[in-house]
Amino acid sequence: MLRRALPTRPEARRILLGTLLSAVGRGLTLPFLFIYLTDVRGLSDNQAGLVIGWFGAVTLALSPLGGTLIDRFGARRVVLPCLAVEAVGTGSLALVDSVGTAFAVSTLIAVGGSALWSGQTTILASLTGDGERQRVFGLQFALLNLGIGIGGVISGAVVDIARPVTFQAIYLLDALSYLMPGLILLTLPHVGHRLAQAPAAEAGRPAGGYLTVLRDRPFRRLVLFGLVLTTCGYAQIEVGFAAYSVRVVEVTPRVVAWALACNTVMIVLAQLLVIRRMEGRSRTRALAAVGAVFATAWLVLGAAGLVGTGNALLAALGVVACSAIFGFGETMLSPVMPALTNALATDELRGRYNAMSSMIFGISGIIGPVTAGPLMGAAHGRIWVAFVVGGSLIASVMALTLGRLLTPAQDGRPDRVPRPVREPAAAQA
């Protein structure tokens, strides 16, 4: 299955290697930023929250510009500087000593990261054909989670709040990891250049832009689907899932950590099997199935809340099962969303399409905590469960309506043309 999932072109394989190497560095630091800023550098909880929120806001604000620059100058000329800025910013976290420096470093990291995902996705899409993109994007997601998991295990065994130097070390290693995909890209001089060699206006077509992207009705429906699904899915993990598990189900934070680890294991183990099973099947039906799987995961978590302290083991298993089921849904979503986005995109606007697709997660990352926080704070856990389950199911319906707007090729289905029926030979007289 791994051999089948690998892209045909060796350049694409090397890009995926860069994804894995940088993900290991990301895993070293991903769980610890809030703890580092508060317990090591002395920021208050509110100050650390504002710093992290500022990072998300700046990244979201700059993402559209990143898409425009990718289309105009090519992904290569955008990704390489962004990787350098990201490396400098991440390494600078080791030197943070005040609220002001934390905001400055957070801004620098946001500038570097604003166009990375859309740029790397555009490069990978340019190196793969329509028939293999779905498999390759699924493999990319599995490698991303594998790297984050490896990095998390390493940092979990190393970091110590009493020794700030351990945190400084992992941020410097994370900075070095961002240079790895950049070095690989530098060894591929013909990769990542502007896909449309002449501006559309010179070819007798309108120049286009984000308004052209938004006029694409199928893509507009895909974006709305993504906003609903991620608001009731990914965006709930850090706040809704964790808060419900600890406050309503009353498990320990260690159980939550084990649940998230189980999520990563599920993704790494199931991704290749899932992308093999999804080949030649409707992408929109797969997206509808993702909504149903996410709804099932939240229902399991809600059931664990009903069990509560009455059966601590069963409640803990419910939390872990929720995270594992959610991970299975992620293995279906991760290959389909970028593959469908790039099936709808044109070369002239591919950077903008990918930028808008990446913005879905940024926008839902703001909406999700805003909706979950007040509900949890007011002890309305059951209302939160109903909200995320209902939203996931609504997303499923939206995915099914999207299918009517796509061609069979865009939907990932083989275009089965009925064969002509051979007339029986006339009987001889």
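Helix α2 passes helix α8 in a right-handed crossing, a term for a near helix turned clockwise from the far one by less than a right angle. The contact of α2 with α8 involves 13 nonpolar, seven polar and no charged residues. The model is predicted, so local features need pLDDT of at least 70 and side-chain atom pairs count only at pLDDT 80 or more, while totals for chains, interfaces and linings use all residues. Residues are numbered from 1 along each chain as its sequence is written, and side-chain values use heavy atoms, with hydrogens and water left out.

**Helix α2 and its packing**

- The axes of α2 (residues 10-29) and α8 (residues 130-158) come within 6 Å and cross at roughly 35°; axes are lines fitted to C-alpha atoms over the stretch in contact, and angles run from 0 to 180 degrees between N-to-C directions.
- Helices here are DSSP runs (H or I, at least four residues), numbered from the N terminus.
- In the residue classes, Ala, Val, Leu, Ile, Met, Phe, Trp, Tyr, Cys and Pro count as nonpolar, Asp, Glu, Lys and Arg as charged, and the others, Gly among them, as polar.
- The end C-alpha atoms of α2 are 30 Å apart, which agrees with the 28 Å that its 20 residues should span at 1.5 Å a residue; the expected span is 1.5 Å times one less than the number of residues.

- L222 is in helix α11 (residues 217-231) and counts as buried because its relative accessibility is 1%.
- Not counting residues up to four places away in sequence, L222 touches L287, M337, L340, T341, L344 and L402.
- L222 and L402 are 180 residues apart in sequence, with their C-alpha atoms 7.0 Å apart.
- S364, in helix α16 (residues 350-377), is buried at a relative accessible area of 1%.
- The side chains of S364 and T230 form a polar contact of 3.0 Å; such a contact is a pair of N or O atoms within 3.5 Å, one able to donate a hydrogen and the other to accept it.

**Positive phi values**

- E250, in the loop between α12 (237-248) and α13 (253-278), has a positive phi near 65°.
- Most residues other than glycine have a negative phi.

Definitions and conventions
Helices (H or I, at least four residues) and strands (E, at least two) are DSSP runs, numbered from the N terminus. Buried means under 20% relative accessible area, exposed over 50%, partly exposed in between (1.4 Å probe, protein chains only). Contact means heavy atoms within 4.5 Å.
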